[in-house]
2 protein chains.
Amino acid sequence: MFVQKHIFHTPKLDLDIAKSVPVTVGYETYGHLNPTRDNAILICHPFSANGHAAGRYSADDPSPGWWDSLIGPGKAFDTDRFFVIAVDSLCNLSTHHPMVVTTGPATINPETGRPYGADFPQITMRDNVRLQHQLIRTLGIERLAAVAGPGTGGFQALEWAVTYPDMVARVIAVASAHQAPPVFSLAVCQAGIDAVIADPAYKGGEYYDSEPPVEGLARALFLLSTLTYSDAWIADRWERKTAKGSMHPRSDREGRFAFQDGMEQLAREKAREVDANHFVYSARAALLHDIGYGNRGIEVAAQIIKAKLLLVPVTGDLLFPVEASRQLADLINQHGGRAEVVPLEAGNGHASALQDCLWLTEPLTRFLRCEEMH
Amino acid sequence: MFVQKHIFHTPKLDLDIAKSVPVTVGYETYGHLNPTRDNAILICHPFSANGHAAGRYSADDPSPGWWDSLIGPGKAFDTDRFFVIAVDSLCNLSTHHPMVVTTGPATINPETGRPYGADFPQITMRDNVRLQHQLIRTLGIERLAAVAGPGTGGFQALEWAVTYPDMVARVIAVASAHQAPPVFSLAVCQAGIDAVIADPAYKGGEYYDSEPPVEGLARALFLLSTLTYSDAWIADRWERKTAKGSMHPRSDREGRFAFQDGMEQLAREKAREVDANHFVYSARAALLHDIGYGNRGIEVAAQIIKAKLLLVPVTGDLLFPVEASRQLADLINQHGGRAEVVPLEAGNGHASALQDCLWLTEPLTRFLRCEEMH
């Protein structure tokens, strides 16, 4: 499946915190919108990904979109049946990726001709949802067949259910939660933010005239990946092996384990395409996530929801315990709502939401097929 | 129970990595050594604690030692029956605590008259065990009735079983493991080290003539506590409440959650008594822990062990999964050894090893009572 990146622009996106801003973001679509315009599914991407959810840009594109196993003809999100939309987030991490279009602190402020820097307002997950809503309406869609996403993509899917309850029929949140659970999830986000801010090159976010804080950023990305990737995944690759070209860490002070080099290299590679401010803003948006905020708390928010929910927590996910999904489902079902919890036991913790996503085919297909939940 | 700190000095402690050093450390004893000198139990302290395991120093001492609920007359480690010893570790974190005596980079190098700084050799858990061994022998003890400890204290207890297999009858490791499990445990240690090293004031460990890197150190301690303390413990205290005197984080960019202020304050208080190098050395010693190292791997190491083992992993402990204890027990029992796994389900993850230690009374009492394991 070959795909293209499109551009969406709005002169005015109202933000949760403070003022509105003009926004330009990229998006992709897979499949076709039917004449009744009721077959659209919005896919929200997780923290470090972007709106390239499926397909390849060309024949020599080395890797497909991040949920390619689930999106396409005959797949769980069947593009023979559904019109699938995926949007680059506000303050997307991969600011310097050539196929990502985002708006955030690294964007040129039209009023000054220079990057916004710290003048850009803090964004929230709900702001992303408002942006997606504008795009959907521009495409002529009044109601979504479903909104789905893993991790912070699931945050947004759940925000859709409370922010536009009449505009979404089904919501799927994988390895996600209705709020960033205290304290591990909040602490991981904050630790990443602190690592960037601690780099003297960060200069309070005003580094666009100087060397960017790549060291702090690489440290933050290393931190997030080592603390949230599954042990199994890393253990399979590196176990406690000594890094190549290094003495054993036990026999030499400079000695390093392979996982350190391996994960650091991945973090450094990723850091090249990431803007430090965008990381900080996105991490803060993640820790601020709470569908109860502005809705008089989770219990009231749960009653606002009209969509059918499929919650797929992953066993061993340190960020989002299975219990959090059960709590939300209980709150919804107590009030006559329709929420189902189907835990995924794929062995890779949080990372299973992407790495083992083929396992989702069966529950997703079933959830998207049935007209009424039993 | 009132207790005293004693001093042990050895002119020469052989270290795992490189040279030997003269060492002075503090230790405490509770109860009395019997005439046959076979009732001694060594208690090894966890990462951020010290050799003050039980009792109070005076009537107005506000808090007792860290395992006081378990050590004393009629308690699990019954001082009417056992002679209990607890030793301050090498490179103990609480270098500046008035009742802690330790040797490490902050110690004056007798050859130069200045702190060792980065000249101090990296230490290992096994070095602590060798030091404890020297002390034990000086006290006239040929064989220990037991060695026990939580967290990195359990690391040392397990090291005892492979380093001096004929000198220890029973080993108890709580919320611990035979090696720092890849990758979460290793990553948490490394993240803490990186946070200290990233502070420009650290200067590669040579900061004794200038302001110490308190910012980086506080960040490291914050990181370790937020990532390893139980969610339940923190959630009970702070949930997602807004910090006192702060706007809600969602409505104000400077807004903070209460857990951030709370955990940061705890980290800053702790940082006052911690030497940054000692933190870095201890964290590296933790991540280097591996009873298989130098013993041709875990499988061979498991066969060296002659002691009876009681492994008490804690459910929900992010650092040391229950599965790791089961793996070690299986390896030992396959070769005719005697290892028992009794998981603790106290609800506070890793922190339960101290916070909920009263729950250990029953299994410890039983384990220390029976002459033969059934």
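Guide: A crossing is called left-handed if the near helix is turned anticlockwise from the far one by less than a right angle, and right-handed if clockwise. By that rule, the crossing of α8(B) and α9(B) is right-handed. This is a predicted model, in which local features need pLDDT of at least 70 and side-chain atom pairs count only at pLDDT 80 or more, while totals for chains, interfaces and linings use all residues. Residues are numbered from 1 along each chain as its sequence is written, and chains are lettered from A, with ligands numbered from 1, in the order in which they are written. Helices are DSSP runs of H or I with at least four residues, numbered from the N terminus; here, α8 of chain B spans residues 297-304 and α9 of chain B spans residues 322-334. Their axes, which are lines fitted to C-alpha atoms over the stretch in contact, with angles running from 0 to 180 degrees between N-to-C directions, come within 8 Å and cross at roughly 60°. That angle makes α8(B) oblique to α9(B), since angles under 35 degrees count as roughly parallel, over 145 as roughly antiparallel, 65 to 115 as roughly perpendicular and the rest as oblique. On the α8(B) side the contact is made by Ile298(B), Glu299(B) and Ala302(B), and on the α9(B) side by Leu328(B), Leu331(B) and Ile332(B), where contact requires C-beta atoms, placed from the backbone, to lie within 7 Å. These contact residues of α8(B) and α9(B) comprise five nonpolar, no polar and one charged, with Ala, Val, Leu, Ile, Met, Phe, Trp, Tyr, Cys and Pro counted as nonpolar, Asp, Glu, Lys and Arg as charged, and the others, Gly among them, as polar. A second pair, in chain A, can be set beside it: the axes of α4(A) and α6(A) come within 8 Å and cross at roughly 125°, which makes α4(A) oblique to α6(A), and that crossing is right-handed.

Notes:
Helices (H or I, at least four residues) and strands (E, at least two) are DSSP runs, numbered from the N terminus. Two residues are in contact if their C-beta atoms, placed from the backbone, lie within 7 Å.
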